[in-house]
Amino acid sequence: MSSRIAQIRLVSSHPEVYEPCDDSFALVDALLADRKNLLEHQPTLCLELGCGSGYVITSLALIVGQEAHYIATDINPHAVRVTRETLEAHGVHAELITTNIASGLEKRLAGLVDVIVVNPPYVPTPEDEVGREGIGSAWAGGENGRSVIDKILPVADNLLSEKGWLYLVTLTENNPSEICLQMKEKGYASRIIVQRLTEEENLQIIKFWRDFDSQLEAKGMVANKTVSSRVMESLLSQFHIMPFLRGSNKQQ
């Protein structure tokens with residue numbers, strides 16, 4: 001029996017809030033694909049950075065259950081209101097905070113978050129479009145679509161618990177293998193949970209977790225100032241074109 005996720009007909013909306021789209025569906029599909037592991041993981045604190053319509057955080061709460069505490073942030077106050085309405089329509093709860101990424105939460109949440117989900121602004125755009133008011137800030141990612149992603153990664157590293165997992169949406173143009181390498185240098189292993197080709201994008205949903213072997217290799221990288229060819233080959237091997245098509249957009 002498939003796990004219940006947020007129903008599109010119950011997702012609230014606003015002209016200045018990003019609606020669920022292929023990237024949102026891919027992220028939720030990744031959570032569904034990893035559901036067994038998530039339930040065994042028994043997270044106590046889950047966080048979404050950039051909640052938009054609330055589709056993802058609501059789905060996560062429905063998949064994992066209300067035993068965990070949920071927090072969702074967004075710089076757009078309209079998104080926070082829409083997310084609240086979406087959560088209420090599905091009978092689940094999350095603490096909602098209007099802030100940029102996790103500003104103001106670093107000390108409170110440092111080392112405590114077991115699951116972070118992020119569908120960041122990843123579309124390559126001129127840098128002056130990043131962080132503007134309005135719906136454009138939901139997708140404007142600056143050069144190579146990395147301006148916001150590169151700010152999120154150290155925040156996630158600070159907030160994740162020792163058993164913490166990060167699920168991140170990336171685009172091929174973001175150079176996801178380089179992102180994985182950067183996280184490996186911080187002691188994280190990674191793998192692609194879902195890769196999806198759409199008419200316009202090649203999306204990867206990557207899962208990161210703290211890994212003892214990666215931490216040892218990371219120390220070696222710092223000491224040697226080099227990256228082994230084996231590490232690079234291992235990362236690059238994940239990023240071949242691997243269509244992962246949705247059979248249906250209907251929500252159960």
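A pocket, in this legend set, is an open set of grid points with protein on both sides within 12 Å along at least five of seven lines. Keep that in mind for the views below, which come from a predicted model.

**View 1. The largest pocket, with a volume of about 590 Å³.** Its lining takes in 36 residues, and G50, D74, P121, S137 and A138 are the ones that lie nearest the centre. Look for β1 (45-49), α3 (55-64), β2 (69-74) and α6 (149-159): these are the elements that give two or more residues to the lining. Sort the lining of this largest pocket by class and you get 19 nonpolar, twelve polar and five charged residues.

**View 2. The second largest pocket, holding about 210 Å³ of space.** Here 13 residues do the lining, and Y18, C21, D23, Y122 and E201 sit nearest the centre of the second largest pocket. By class, this lining has seven nonpolar residues, one polar and five charged.

**View 3. Helix α3 packing with helix α4 (residues 77-90).** The axes of α3 and α4 are 9 Å apart and meet at an angle of about 30°. Angles under 35 degrees count as roughly parallel, so that's the word for α3 and α4. As for handedness, α3 passes α4 in a right-handed crossing.

**View 4. Zooming in on the residues where α3 and α4 touch.** From α3 come Y55, I57, T58 and L62, while α4 brings T83, T86, L87 and H90 to the contact.

Terms used
Residues are numbered from 1 along each chain as its sequence is written. This is a predicted model: local features need pLDDT of at least 70, side-chain atom pairs count only at pLDDT 80 or more; totals for chains, interfaces and linings use all residues. Side-chain values use heavy atoms; hydrogens and water are left out. On a 1 Å grid over the protein atoms alone, a cavity is a set of points where a 1.4 Å probe fits but cannot get out, and a pocket is an open set with protein on both sides within 12 Å along at least five of seven lines; lining residues have an atom within 4 Å of a point. Grid points are joined across faces, edges and corners, and a volume is the space filled by probe spheres set on the points. Helices (H or I, at least four residues) and strands (E, at least two) are DSSP runs, numbered from the N terminus. Ala, Val, Leu, Ile, Met, Phe, Trp, Tyr, Cys and Pro count as nonpolar, Asp, Glu, Lys and Arg as charged, and the others, Gly among them, as polar. Axes are lines fitted to C-alpha atoms, for helices over the stretch in contact, and angles run from 0 to 180 degrees between N-to-C directions. Angles under 35 degrees count as roughly parallel, over 145 as roughly antiparallel, 65 to 115 as roughly perpendicular and the rest as oblique. A crossing is left-handed if the near helix is turned anticlockwise from the far one by less than a right angle, and right-handed if clockwise. Contact means heavy atoms within 4.5 Å.
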